[in-house]
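This report describes the arrangement of one protein model. Please keep the sequence and the structure in view while reading.

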Amino acid sequence: MSNASVHTGRHFLQIPGPTNVPDRVLRAMDMPTIDHRGPEFAQLGLDVIEGSKKVFKTSNPVIIYPSSGTGAWEAAIVNTLSPGDKVLMVETGHFATLWRALADRLKIDVEFVPGDWRHGVNPDDIEQRLAKDKQHAIKAVMVVHNETSTGVTSRIHEVRKAIDRAKHPALLMVDSISGLGSIEYDHDGWGVDVTVSCSQKGLMLPPGLGFNAVSDKALTASKANSSLRSYWDWHEIIAANKGGSWSYTPATNLLYGLKEAVAMLLEEGLDNVFARHKRYSAATRAAVETWGLENLCLDPREYSPILTAVVMPEGHDADQFRKVTLDNFDMSLGSGLSKVKGKVFRIGHLGHFNDLMLMGTLAGVEMALDLAKVPHRKGGVMAAMDVLTGRDAKSSHAKTAVA
């Protein structure tokens with residue numbers, strides 16, 4: 001047996017989800033199964049529904065499903081749209097493409113705006129396309145907030161403003177599966193009609209819960225559309241939720257974990273959570289730049305706070321590099337998906353994460369770059385450390401003062 005196959009210590013899970021589950025959440029889930037129709041569970045149900053609203057920043061219903069994010073995608077569509085309805089979607093990456101494929105299967109007429117996977121949604125383009133739609137054939141604009149495959153975060157509040165400038169009645173439906181709980185998000189304040197999310201990213205839970213946060217406008221649309229639905233029907237669940245229950249057996253122990261995860265986010269303070277992720281993103285970008293490697297995201301306004309997608313130099317395979325990293329340092333990095341498979345690796349820096357975890361991650365990447373013989377410059381770890389300690393800002397200030 002080779003030394004590379006024997007590891008001590010904890011595995012470093014540095015993919016952009018599923019993320020590390022905090023011990024507090026694991027302990028909260030380690031509970032006996034209880035009667036999901038009894039009073040104890042009813043109180044838990046009411047607690048997690050109200051707590052989830054605080055994370056989405058909404059006073060409207062948040063529907064929680066025993067599902068993956070894909071199930072939450074489907075729920076958003078079948079509750080608001082009918083077969084044959086036209087929607088506007090944007091190709092920002094792998095997950096935008098998958099949501100489009102799901103809409104196609106549900107017989108939705110998709111106008112898919114092509115993209116280069118290095119930029120987010122262009123609000124001006126959305127405005128222009130809606131302005132041309134004089135008959136209001138487009139029933140919804142469906143976009144991904146944080147594209148997990150590319151490390152690009154779209155400016156959702158600007159998309160909302162673009163829809164308003166066009167004076168168009170289309171619903172705004174947003175996938176914030178990897179953004180919620182890590183990146184600033186305001187469902188009500190930004191005028192989002194349906195927000196789709198799930199449990200295994202910023203909410204720091206295992207996979208298994210899907211979410212739809214819904215506006216009054218979306219609820220009205222759900223009463224008028226003709227899509228067949230049963231399991232996903234918002235109204236049955238909302239009615240049951242009034243008493244802290246569900247219209248089918250819920251994922252009881254995951255809900256215990258959700259209650260604890262929400263408590264952790266609110267204890268830290270959402271603004272502090274968002275600022276922490278921005279620090280880790282800035283430190284990681286400093287390391288990547290120092291290594292002489294390229295960030296897949298090209299627009300600084302769209303750098304993702306929760307992951308960085310790194311472009312491999314020509315002639316070097318990202319998956320081989322990831323294998324070297326895993327074999328030697330017991331660290332999992334995110335793979336390139338679909339169009340960027342083998343071309344990028346992704347460093348996740350989200351969820352239950354601190355400064356030392358980031359430094360360990362970046363040290364592992366820098367050592368693996370050496371072992372895999374990937375052309376790079378030294379010093380990325382030190383550059384990231386300077387960002388985390390504020391030395392880079394002090395240095396810049398000193399240079400400015402001298403000048």
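Helices (H or I, at least four residues) and strands (E, at least two) are DSSP runs, numbered from the N terminus. The model is predicted: local features need pLDDT of at least 70 and side-chain atom pairs count only at pLDDT 80 or more, whereas totals for chains, interfaces and linings use all residues. Residues are numbered from 1 along each chain as its sequence is written, and side-chain values use heavy atoms, with hydrogens and water left out.

Among the buried residues of α9 are Thr 252, Leu 255, Leu 258, Val 262 and Leu 265. After α9 comes Gly 269, with a positive phi near 95 degrees.

## The nonpolar cores

A nonpolar core is a set of buried Ala, Val, Leu, Ile, Met, Phe, Trp, Tyr and Cys residues joined through side-chain atoms within 4.5 Å. The largest such core has 85 residues, of which Ile 64, Val 141 and Leu 258 touch the most other members. Helix α9 (residues 252-268) contributes the most to this core, with 8 residues. Because domain 1 (12-18 + 269-389) and domain 2 (23-267) both give residues to this core, it lies between them. Another core, of 28 residues, lies apart from it and includes Ala 286, Leu 293, Leu 333 and Ile 347.

Which residues does Ile 64 contact, leaving aside neighbours within four places in sequence? They are Val 48, Ile 49, Ser 52, Leu 209, Gly 210, Phe 211, Trp 246, Leu 255 and Leu 258.

## The two domains

The domain bounds come from an automatic or database domain assignment. The centres of domain 1 and domain 2, taken over C-alpha atoms, are separated by 27 Å. Their contact takes 32 residues from domain 1 and 35 residues from domain 2.

The size of an interface is often given as the accessible area lost when the parts come together. Buried area is the accessible area (1.4 Å probe) that two parts lose on being put together, summed over both. Between domain 1 and domain 2 it is about 2700 Å², with 59% on carbon and sulfur atoms. In domain 1, Leu 270, Phe 274 and Glu 302 lose the most area to domain 2, together 23% of what that side buries.

## Two buried threonines

Thr 308 lies in strand β12 (residues 307-311) and counts as buried because its relative accessibility is 2%. A polar contact is a pair of N or O atoms within 3.5 Å; within protein, one must be able to donate a hydrogen and the other to accept it, and residues adjacent in sequence count only if both atoms are side-chain atoms.

Thr 325 belongs to helix α11 (residues 318-329) and is buried, with a relative accessible area of 0%. A polar atom of the Thr 325 side chain lies 2.9 Å from the backbone oxygen of Phe 321.

Definitions and conventions. Buried < 20%, exposed > 50% of the residue type's maximum accessible area, 1.4 Å probe, protein only. Contact = heavy atoms within 4.5 Å.
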